[in-house]
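Open your viewer and get the selection tool ready.

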Amino acid sequence: MSAVETQVDLTSCDREPIHQLGHIQSFGAMLVVSSDHYIAHHSANAAEFLGLEAIARGDSLDSILPELTLETIRDAAKWLVEPDDTERVFSIAVLGSGRDRFDCSIHRTAGLLVLEFERHDTAGFGNHVASIRPMVNRLEGIDGVENICQAAAKRLKALLEFDRVMVYRFHPDGSGEVIAEARESAVDSYSGLRYPKSDIPQQARALYLRNRLRIIADVNDTPVPVVPGQRLDGDPIDLSLSTLRSVSPIHIEYLRNMGVRASLSISIIVRGRLWGLFACHHYQPRALAFSNRTAAEVFSQLFSLTLDRALHDSGEARRALGQNLHERLMTRLAAGANLRETLEQIGQSIGDSIPHDGASIFIDGDYRASGHAPSEDEFRQILPALNSGPAGRILARTDLASAIPEAQAFASRAAGALIIPVSRQARDYFILWRRELTQVVTWAGNPDKAVERTAEGERLVPRKSFAAWQQTVEGRSADWTQAELDLAETLRITLLEVILRLTDAAAQERKRAGEQQDLLIAELNHRVRNILNLIRGLVNQSRHETGDAATLTTLIGGRIGALAAAHDNLTRDNWGPTSLKKLIADEADAYLGAKTTRLAVEGRDVLIVPQAYTVLALVLHEMITNSAKYGSLSDQSGDLLISLERNEAGDLLLGWQERGGPPVRAPERRGFGTTIIEKSIPHELQGEAEVDFALGGLRARFTVPARFLEETDKDHVVSDLKDHADASAGAEPATDLPQRVLLIEDNMIIALDTEEMLRELGVPEVLVSGSVTQALRAIEKEVPDFAVLDFNLGEESSEPVARELARRGVPFVLATGYSAKEVQFEELGARAILKKPYDKSDLAKALTRGA
């Protein structure tokens with residue numbers, strides 16, 4: 001903030017340029033280069049941090065970095081397509097040697113390329129990546145938003161090892177509340193405390209949407225300047241997407257007042273909106289490895305999907321209640337009774353669902369009221385203000401008088417109002433009123449920030465106490481909950497339907513038809529939520545097909561991308577029948593690229609109804625990606641023919657013929673992708689699916705019943721495609737398994753996941769140890785048949801256990817993120833290296849090799 005401001009209030013924080021502080025934190029270094037790779041800016045510590053002799057403005061990046069490293073960075077930068085895209089490169093050697101390795105974050109700002117370097121955590125990298133899947137798996141089967149948030153806080157604390165991990169949810173008024181918490185026993189609890197809107201200013205919230213993760217490694221860190229501090233045009237450098245960006249002095253003071261030495265904030269974004277944060281506190285400095293933070297960020301993204309599913313489920317319950325309310329009201333009004341004369345009956349019908357103390361209705365200039373409500377004169381005083389609001393939008397206020405001063409006249413009778421417009425032009429309203437309710441809100445300290453006068457001027461001072469501070473609030477009604485607002489929307493639709501039904505004039509009839517169509521389309525879009533449950537199933541089933549996070553992400557991303565493309569096509573046509581050839585074109589666009597000239601689609605286009613469209617999207621996605629990876633489109637010579645025909649019954653016969661590719665061999669394992677191909681159409685559409693793995697090329701025929709089809713006069717052309725690739729992997733079952741396996745793993749989440757995989761493979765007894773001492777005791781007590789040893793156990797290695805197992809003749813493998821050169825496993829007597837992150841197929845091979 002400026003030191004010469006004459007007026008300081010809570011909006012001062014909103015004006016602080018926290019993305020233009022011109023400094024970074026000292027646990028990393030930054031290079032900012034032009035499009036032709038000349039140094040434009042650099043952090044003052046860059047040369048020392050990277051082990052270079054010197055760095056100066058105007059230096060060529062080619063003269064600083066080795067060619068291989070530079071090429072790696074260039075390849076990553078090619079994927080920066082959207083303005084807020086960020087790429088990550090792990091374990092690169094800046095000096096060309098294999099000893100000093102760095103992780104690099106890459107993004108663009110104002111035409112410049114920003115490179116941020118941190119030291120690579122070789123020992124922990126495999127653990128960090130491998131932790132993602134078991135963390136997400138542990139959330140499956142948990143119902144309820146609060147329960148899911150509590151479980152997520154525990155998982156994230158286990159991954160990050162912070163003293164406290166909180167789930168912080170934003171309220172509609174901008175304040176926040178801690179709704180879940182995992183902490184060390186010696187740390188005070190913040191659960192249930194409220195935090196004012198000003199604690200996280202507007203520009204900080206905007207950054208959380210663009211940059212999901214914000215780390216503060218040490219509040220006492222000395223920031224490192226970026227030199228020069230300004231661009232050639234005189235503007236400061238925009239560090240919005242920076243991972244190393246230094247911290248606002250006000251926020252540093254805020255954390256110090258809490259006693260916090262390090263923090264990490266991870267955005268929880270649901271449907272493009274900032275729903276809340278994972279807020280992590282540590283009472284000692286803590287600079288998390290970049291790979292560890294990346295794993296946490298991926299977890300937050302997958303958690304957001306799980307949270308969205310939970311929110312959707314709770315929304316379904318509210319919609320069911322709303323439907324019941326709709327039916328009850330329609331039953332009362334079915335006989336065509338006058339809506340104004342039945343106001344009291346309506347109030348009784350909705351009283352259990354939306355508690356209220358009074359109700360008013362204003363239609364065609366006629367006002368009626370019941371219970372605690374304003375008189376007609378009092379209502380007409382606030383009517384001009386109501387008419388100035390957006391048409392068709394519900395307004396919920398707990399203190400109507402603060403927005404409309406004229407409402408003060410009846411505030412003692414009706415302080416809060418739920419104002420439901422029931423027309424588009426004439427401004428008719430149905431309003432529920434609530435009386436004043438004195439409330440006590442528990443804040444984390446006094447929410448009002450103080451202004452301190454100094455020699456430099458006035459400045460905001462973050463509060464110094466965060467003990468529970470209760471505030472008595474008067475002149476307000478009870479809050480209108482989100483569930484009540486959802487029911488109000490249902491009520492609005494019901495009342496609008498009744499009003500439209502009772503209107504006989506031709507002009508009103510045309511108006512009703514248009515409004516009803518708008519409402520039905522809006523309602524339809526709100527109800528298309530089951531796709532989230534389908535995504536959840538894809539994530540859950542796909543996890544059996546791959547063991548490493550990168551492939552899993554690509555595999556799930558491809559399948560979800562197919563659903564997203566299908567959903568876009570459907571909504572583009574107002575959720576109506578959509579072109580099959582357009583669907584084929586979208587899939588080809590994503591996975592064939594230059595090979596599109598080798599794809600031919602014969603036959604007349606047909607429209608697929610929404611119920612079948614997403615099913616076909618998944619099937620075609622699996623078929624095309626398999627062809628691009630293993631079939632006729634995987635080399636330089638093959639081609640693919642897709643034929644569309646209709647039989648006498650009107651059913652669609654979709655033929656698939658691959659020609660000229662490598663010899664075809666039937667898959668040895670039936671993965672989830674194969675299940676999608678062979679069972680989706682028969683199960684969901686009652687159609688047929690036939691797949692023939694002929695040596696000369698895969699053939700298939702799918703039959704889609706006629707009831708899912710509609711004719712079209714247009715014929716979509718498959719063209720203008722781009723290149724992309726997909727990959728997948730699976731797990732092989734092991735045979736001849738040992739009966740008792742010793743597992744040494746110091747990471748609890750990985751240990752739980754590995755134990756589960758071993759049991760799924762058929763190992764009846766798994767002995768889990770987290771340290772050398774525990775493992776040696778277990779061996780002394782009962783000798784295992786086989787062992788899986790995590791080589792690096794934090795401050796010790798499993799070498800003593802390996803030598804004891806070798807002495808006893810027990811076969812074992814070493815699980816590690818190191819390479820075979822770095823770990824002389826043969827000298828220790830290990831059968832092999834189990835490279836982290838490993839999956840069930842890797843374990844199966846290791847067990848078979850050792851049996």
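**Before you select anything**

This is a predicted model, in which local features need pLDDT of at least 70 and side-chain atom pairs count only at pLDDT 80 or more, while totals for chains, interfaces and linings use all residues. Residues are numbered from 1 along each chain as its sequence is written, and side-chain values use heavy atoms, with hydrogens and water left out.

**The whole chain**

Start with a cartoon view: the protein has 24 helices and 37 strands. Both kinds of element are DSSP runs numbered from the N terminus, with helices being H or I of at least four residues and strands being E of at least two. Next, colour by accessibility. Buried residues make up 51% of the 851 residues, where buried means under 20% relative accessible area, exposed means over 50%, and partly exposed lies in between (1.4 Å probe, protein chains only). Among contacts with a separation of 6 or more, 68% are between residues 24 or more positions apart; a contact means heavy atoms within 4.5 Å.

**Stop one: helices H18 and H19**

Two packed helices are described by the angle between their axes and the distance between the axes. Select residues 610-629 for H18 and 672-685 for H19. Their axes come within 9 Å and cross at roughly 155°, and that makes H18 roughly antiparallel to H19. The axes are lines fitted to C-alpha atoms, for helices over the stretch in contact, and angles run from 0 to 180 degrees between N-to-C directions. Angles under 35 degrees count as roughly parallel, over 145 as roughly antiparallel, 65 to 115 as roughly perpendicular and the rest as oblique.

The crossing of H18 and H19 is left-handed, a term used if the near helix is turned anticlockwise from the far one by less than a right angle (right-handed if clockwise). Now show side chains: Val615, Leu616 and Val619 are among the H18 residues in the contact, and Ile676, Ile677 and Ile681 are among those from H19. By class, this contact has ten nonpolar, four polar and two charged residues. Here Ala, Val, Leu, Ile, Met, Phe, Trp, Tyr, Cys and Pro count as nonpolar, Asp, Glu, Lys and Arg as charged, and the others, Gly among them, as polar.

While you are here, step to Gln686, in the loop between H19 and strand E28 (688-692). Its phi is near 55°, a positive value in a residue other than glycine.

**Stop two: helices H21 and H22**

Select 772-781 and 799-808: the axes of H21 and H22 come within 9 Å and cross at roughly 15°. That makes H21 roughly parallel to H22, and H21 passes H22 in a left-handed crossing. Val772, Ala775, Leu776, Ile779 and Glu780 in H21 meet Pro800, Val801, Glu804, Leu805 and Arg808 in H22. These residues divide into seven nonpolar, no polar and three charged.

**Stop three: salt bridges**

How many salt bridges does the count come to? There are 30, each being a side-chain nitrogen of Lys or Arg within 4 Å of a carboxyl oxygen of Asp or Glu.

- Select Arg740 and Glu782, whose closest N and O atoms are 3.0 Å apart. The pair links distant parts of the chain, 42 residues apart: Arg740 is in strand E31 and Glu782 is in the loop between H21 and strand E33. Arg740 counts as buried at 18% relative accessibility, and Glu782 as partly exposed at 32%.
- Select Arg261 and Asp218, which meet at 3.4 Å, N to O. They sit 43 residues apart, Arg261 between H8 and strand E12 and Asp218 between strands E10 and E11.
- Select Glu489 and Arg492, with closest N and O atoms 3.6 Å apart. Being three residues apart in helix H13, they are separated by about one helical turn. Arg492 is buried at 3%, whereas Glu489 is partly exposed at 32%.

**Last stop: two loops**

Select Val227 and Pro228: the peptide bond between them is cis, with omega near -15°. Pro228 lies in the loop between E11 and H8. Finally, pick Ala110, in the loop between strands E5 and E6. Ala110 has a positive phi of about 50° although it is not a glycine, and it is exposed, with a relative accessible area of 59%.
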